[in-house]
Amino acid sequence: MQKWYVSNPQAFIVDRDPLRNDIRRYFMPMDIERTRGVVACLSVLKDNGTPSTRQMENLTRQICTALVKTARDYDGPLEDDPERTIHRLYVRAFRQLEILAPDQIIA
């Protein structure tokens, strides 16, 4: 008898901390784009200015860390549509970010 087990993940969240620098750099463009999307949405909603490179790097680190922590601690329901689970993870992670205070993210 042969048995096959298949993983059925609803999201893949990669913890960058234990990775070598060259592998971490592989993920950096995706991480920066995610942060740019967040900041652009906030700029549209709040009609604010443009963040500095340092602010973007800081926020990118915070977002990656918050997503990993949220995914590890996630105890919510799994959905028929994985996008709902991913959305829930992102919302919970973003609520942890200190830098999302209106006066801190965009100068």
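How many aromatic pairs does a search of the whole structure find? I ran that one before anything else, keeping in mind that this is a predicted model.

**Entry: rings.** The search turned up two aromatic pairs. One of them joins Tyr-26 and Phe-27, edge-to-face, with 5.3 Å centre to centre and 85° between the planes. Tyr-26 counts as exposed, because its relative accessibility is 63%, while Phe-27 is buried at 16%.

I went on to Tyr-90 and Phe-94. Their ring centres sit 5.7 Å apart and their planes meet at 80°, so I noted this pair as edge-to-face too. Both residues belong to helix 3 (residues 82-95), four residues apart, or about one turn of the helix. Tyr-90 has a relative accessible area of 24%, so I put it down as partly exposed.

**Entry: core.** Next I checked the largest nonpolar core, which has 10 residues, among them Val-38, Leu-59, Ala-66 and Leu-97. Helix 1 (21-46) and helix 2 (53-73) each supply at least two of its residues, and helix 2 gives the most, with five.

**Entry: pocket.** Last, I looked for the largest pocket and got a volume of about 300 Å³. I listed 15 lining residues, and Arg-16, Asp-17, Arg-61, Cys-64 and Thr-65 lie nearest the pocket's centre. Which helix gives the most to this lining? Helix 2 does, with eight residues. Sorted by class, the lining has nine charged, four nonpolar and two polar residues.

Technical notes: Residues numbered from 1 in each chain as written. Predicted model: local features only at pLDDT ≥ 70, side-chain atom pairs only at ≥ 80, totals over all residues. Heavy atoms only, no water. Core = buried A, V, L, I, M, F, W, Y, C linked by side-chain atoms within 4.5 Å. Buried < 20%, exposed > 50% of the residue type's maximum accessible area, 1.4 Å probe, protein only. 1 Å grid on protein atoms, 1.4 Å probe; cavity = no way out; pocket = protein on both sides within 12 Å on 5 of 7 lines; lining within 4 Å. Points joined across faces, edges and corners; volume = space filled by probe spheres on them. Nonpolar A, V, L, I, M, F, W, Y, C, P; charged D, E, K, R; others polar. Phe/Tyr/Trp six-rings, centres within 6.5 Å; stacked < 30°, edge-to-face > 60°.
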